[in-house]
Amino acid sequence: MRGIILARFTSFIRNPWLFALFTGMSIIFALIIGNFGAGNEKVTVPVYGDEALQTDTIGTALAENEVYNFKWMKKEELEETIRRGNAEAGVSIEEDGYEMIVGIESPNVQLIEQTVAAIYTDKIQAANLLAVSDAQTEAEKEELLAAFQHAKEEPVFEITNQSFHSSETFLFDNGLHSLFGFTLFFVIYTICYNVLPILIEKKAGVWDRMILSPMKKWEMYIANLIYSFFEGYLQVVIIFTVFRFIVGMDFQGKFPAILLIMIPYVFAIVSLAIFLTALVKNTQQFNAALPIVSVSMAMIGGAFWPIEIVQSEFLLALSKINPLTYGMEALNGLVIYNTPLDQLLMPISILLLMGVIFMGVGIHLMERRHV
Amino acid sequence: MLELIDVSKKFKQNAAVKSMNMFIEKGEIVGLLGPNGAGKSTAISILSSLVEPTSGDVKYQQKSIIKNPVALRKIIGIVPQEIALYEDLTAEENMKFFGRIYRLKGEKLNMKVQEVLEQIGLSDRRKDMVKTFSGGMKRRLNIGVAMLHDPEILVMDEPTVGIDPQSRHYILQTVKRLNQERQMTVLYTSHYMEEVEFLCDRIYIMDKGSLIASGTKDEIKRILASENTISVKADYWNDAFIEKLKANPVIHQMNVEEKEITFVVSREVNIFTKLAKLAEETNVSLNAVDVKNVTLEDVFLHLTGRALRD
């Protein structure tokens, strides 16, 4: 068994280009599609109002907003921007209130309104506070407002409400999603092209030689599968390490847990690769089937776009037998929804179960068909 | 020593081997001859315990090996038809890999690798990767890795396919030497008649899954003892000559090439006068008429009605 692993490893050292290609593609695609390095580009929201308001509390708060870039313009210009679809919504600012001008109904519109409403609430709260307080001088007023601001930023207690599954809303982080999606997608290729040599060696007679030797057949399978797992897992570790320590993503402090949660996924994909290899008759068929299977898996598993936007019941049903779905679910649950590891047992168990089933059926088929 | 007893093998509806009987004695080189698709590879896979027969038995030293092949597997070495090597490893690394799976290690493994590399003439290329080798060198290494554990029986499945004449000659000489110096038993399958004629003591001829002849070279050639193979040469033929020759009832297995026609006739027929008369009638100028020695190719043609490489 050691001999097989050693031989495979030596071949890998001499010819690491396929591995490097898929690892590189995962990183490059995740960087490009995930928009890393472009900074936190803010969504521009056109704003109209009196010039005096631009330097007022409201104007200052809008300018300091971290999420949206509120851009002041004339009313006609704002309306034209929205009419042309260059902005989803705009805001007409007044002294005591605001008016939303909506071009496209989207979750962003609600968030913009919440942001603007929060600014007005703060302003009104501050005004009310000053009205009921004994502060007379400007210094006293500033001290009071500073204390109010501090209390808001560091409250005595905080109520947070989180939900892992929700039919109505979902959390989405484009950078993380691209990273998870492309990592899970490209590792399928690396693993499958590592399982393929079983088929090639069987056809070439290498396995016949090993069968006639004192080596046991299970040793031959285990050695190949351990090696395939190793290379697939190595790819995943390299990608996440690059994003953790070079790109600088902190993964909410879940980096070790991510690496742990990838073990059942890589295992399931190794098993799927065995199953796929057992179904095909030769390398040509394998090369034709692999892109079809992997791209379909990525599309219905939520690697390219969030699975939450998929409406078709049929596609959603198909996604339930797709290891990539559970890989994405586990990663999103862990990092985006901040779910504890023990609550991710469901997707992890399903991945392990799929691994066992695919491997059992795959090896059985290979043996029965004398592939 | 090793025998197939009434062995058949079916893959779904396709019978690859039909009621085959065959034996190999210690120290002999046995040839299994047949065209592509004759069932040779299936037969040797059954013989070497890689494939279980649908019916019949395989015995080694009088004991069935179908359910317990361990004893046979210890003393058998197989040279598959394909190049069963790791292309990204060197010749030496391949040797060591296959040596290790036979539990060879340390100094013993190193010595054995060195010895076999010398036997197959690759010791000066030991550090080169297999993918840089020529077809002939790969074939030699393919044979070498089957010899690492000193097998008593070497099963070779068309080991010279697709290589140059020099490499083929080298391989044939190596096989002959192994047999003579070490009394290694060899089962050699091929569709090259001349290889089998050169190497083998006894020959089995297969076609369409069945054995159609067996025996020593002379015994097999005697199948055609009552007939002669005639070769007629000329610079050109015309249709009338060919048609009249074909129409002659005593002539059969006729093969027409650009400047040579071969056919088989009974020894009792005096074909020379007939040929001379026909040539004169059709205005064909004959250059030579020869009676050829019977070859295994002729026997195969006689038995199956088609050439080995068809």
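View 1. Tyr120(A) is buried (under 20%), with a value of 6%. The two form a tilted aromatic pair, 5.3 Å centre to centre and 35° between the planes; rings pair if their centres lie within 6.5 Å, with planes under 30 degrees apart counting as stacked, over 60 as edge-to-face and the rest as tilted. Tyr98(A) belongs to strand β4 (residues 98–102) and Tyr120(A) to helix α6 (residues 107–132), 22 residues apart; helices (H or I, at least four residues) and strands (E, at least two) are DSSP runs.

**View 2. The pair of Phe304(A) and Trp305(A).** The ring centres lie 6.1 Å apart with the planes at 65°, so the arrangement is edge-to-face. Phe304(A) is partly exposed at 30% relative accessibility, as is Trp305(A) at 34%. Both belong to a cluster linked by ring pairs, which also includes Phe22(A), Phe182(A) and Tyr193(A).

**View 3. Helices α8 (residues 174–204) and α11 (residues 255–279) of chain A.** Their axes, lines fitted to C-alpha atoms over the stretch in contact, come within 8 Å and cross at roughly 45°. Contact (heavy atoms within 4.5 Å) involves, among others, Leu184(A) and Ile191(A) of α8(A) and Met262(A) and Tyr265(A) of α11(A).

**Notes.** Residues are numbered from 1 along each chain as its sequence is written, and chains are lettered from A and ligands numbered from 1 in the order written. In this predicted model local features need pLDDT of at least 70, side-chain atom pairs count only at pLDDT 80 or more, and totals for chains, interfaces and linings use all residues, while side-chain values use heavy atoms, without hydrogens and water.

Note on methods
Axes are lines fitted to C-alpha atoms, for helices over the stretch in contact, and angles run from 0 to 180 degrees between N-to-C directions. Rings of Phe, Tyr and Trp (its six-membered ring) pair if their centres lie within 6.5 Å; planes under 30 degrees apart count as stacked, over 60 as edge-to-face and the rest as tilted. Buried means under 20% relative accessible area, exposed over 50%, partly exposed in between (1.4 Å probe, protein chains only).
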